[in-house]
Amino acid sequence: MTAVQFRNPEVRLSEALTATRHAIEGHRVTLRELLRLVGEQGLLVFCAILAMPFLLPVSLPFMSTALGAPMLLIGFAVTMNRVPWLPDRLLDHSLPSATVQHVLERAGKAADRFEHLVRPRMLGLTATQFVNAVHGVALVVVVLALMAPLPLIPLANTLPAIGIILLCLGMAERDGVLLLLGHLFVLVSSLYVGTLLYFAAKAGSDPQATLDMAMQLFQKMFGG
């Protein structure tokens with residue numbers, strides 16, 4: 001596995017993605033080379049994108065498991081300061097350059113839209129491997145909360161998804177304000193999902209009772 005470091009904050013994410021796109025022009029790129037070029041920043045943006053479908057109040061069953069697994073892998077990678085472990089056969093598999101460039105171009109344009117809201121600040125919160133590992137642990141925790149088997153429960157996926165997006169963008173752009181907000185959402189979503197899981201265990205095999213208890217909790221927390 002290869003250690004990766006956070007980018008110099010003077011280099012904007014959109015610029016880094018554009019540079020990566022130009023670096024692979026004219027040849028087929030392997031997954032190993034792509035991971036080396038994008039580093040943790042690219043993986044974190046990919047993780048934030050995976051979390052975006054969960055911003056809807058209620059998510060579809062099984063979607064949290066399918067999309068949560070790669071997010072969990074990225075969270076462990078950040079915690080260990082390593083790119084995710086993958087078999088050599090997969091890492092050395094060639095990818096079509098045109099397709100990869102198209103994806104990087106779209107990701108760069110998306111990054112360019114939100115960069116005016118995100119900027120390097122409170123750099124002490126991303127200055128060392130230890131604090132980055134703390135953010136990685138928080139990311140793992142909130143992804144596990146998102147993956148909890150609680151389909152059709154209001155905000156059971158949405159609150160963790162917001163935490164994931166804030167943590168990932170905060171780390172990618174070294175924005176301490178977003179990181180603090182992300183940790184706040186990790187705490188809130190963990191308490192919310194933990195309480196829902198307690199209700200589910202208490203209700204046993206009666207899913208309607210679980211839903212009724214969850215709705216009562218939702219009304220107490222958010223009114224209505």
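Q: How should I read the relative accessible area of R174: is this residue buried or exposed?
A: The model is predicted, and the classification rests on a cut-off, since buried means under 20% relative accessible area. R174 has a relative accessible area of 13%, so R174 is buried. This residue lies in the loop between α7 and α8.

Q: Where is M122 found, and how does its relative accessibility place it?
A: M122 sits in the loop between α5 and α6. Because its relative accessibility is 44%, M122 counts as partly exposed, whereas R174, at 13%, is buried.

Q: Stepping back, how many helices and strands does the protein have, and what pattern do they follow along the sequence?
A: There are 9 helices and 2 strands, and reading along the sequence gives the pattern α-β-α-α-α-β-α-α-α-α-α. Of the 224 residues, 46% count as buried, and the protein exposes about 11,600 Å², with carbon and sulfur atoms supplying 68% of that area. When contacts between residues at least 6 apart in sequence are considered, 78% of them join residues at least 24 apart.

Q: Which residues of the largest nonpolar core touch the most other members?
A: The general idea is that in soluble globular proteins nonpolar side chains tend to be buried together. Here the largest nonpolar core has 42 residues, and those touching the most other members are L44, M71, L139, I164 and L167. At least two residues of this core come from each of α2 (31-51), α3 (63-80), α5 (97-114), α6 (129-146), α7 (158-172) and α8 (176-203), and α2 gives the most, with 10 residues. Apart from this core lies another, of 10 residues, including A145, I153, V193 and L196.

Q: At what angle do α6 and α7 pack, and how far apart are their axes?
A: In general, two packed helices are described by the angle between their axes and the distance between the axes. For α6 and α7 the angle is about 155° and the axes are 9 Å apart; angles over 145 degrees count as roughly antiparallel, and α6 and α7 are therefore roughly antiparallel to each other. The crossing in which α6 passes α7 is left-handed. On the α6 side the contact is made by H135, A138, L139, V142, V143, A145 and L146, and on the α7 side by P160, A161, I164, L167, C168 and M171.

How values were computed
Residues are numbered from 1 along each chain as its sequence is written. This is a predicted model: local features need pLDDT of at least 70, side-chain atom pairs count only at pLDDT 80 or more; totals for chains, interfaces and linings use all residues. Side-chain values use heavy atoms; hydrogens and water are left out. Helices (H or I, at least four residues) and strands (E, at least two) are DSSP runs, numbered from the N terminus. Buried means under 20% relative accessible area, exposed over 50%, partly exposed in between (1.4 Å probe, protein chains only). Contact means heavy atoms within 4.5 Å. Accessible areas come from the Shrake-Rupley method with a 1.4 Å probe; for residues, only the protein chains shown count as cover. A nonpolar core is a set of buried Ala, Val, Leu, Ile, Met, Phe, Trp, Tyr and Cys residues joined through side-chain atoms within 4.5 Å. Axes are lines fitted to C-alpha atoms, for helices over the stretch in contact, and angles run from 0 to 180 degrees between N-to-C directions. Angles under 35 degrees count as roughly parallel, over 145 as roughly antiparallel, 65 to 115 as roughly perpendicular and the rest as oblique. A crossing is left-handed if the near helix is turned anticlockwise from the far one by less than a right angle, and right-handed if clockwise.
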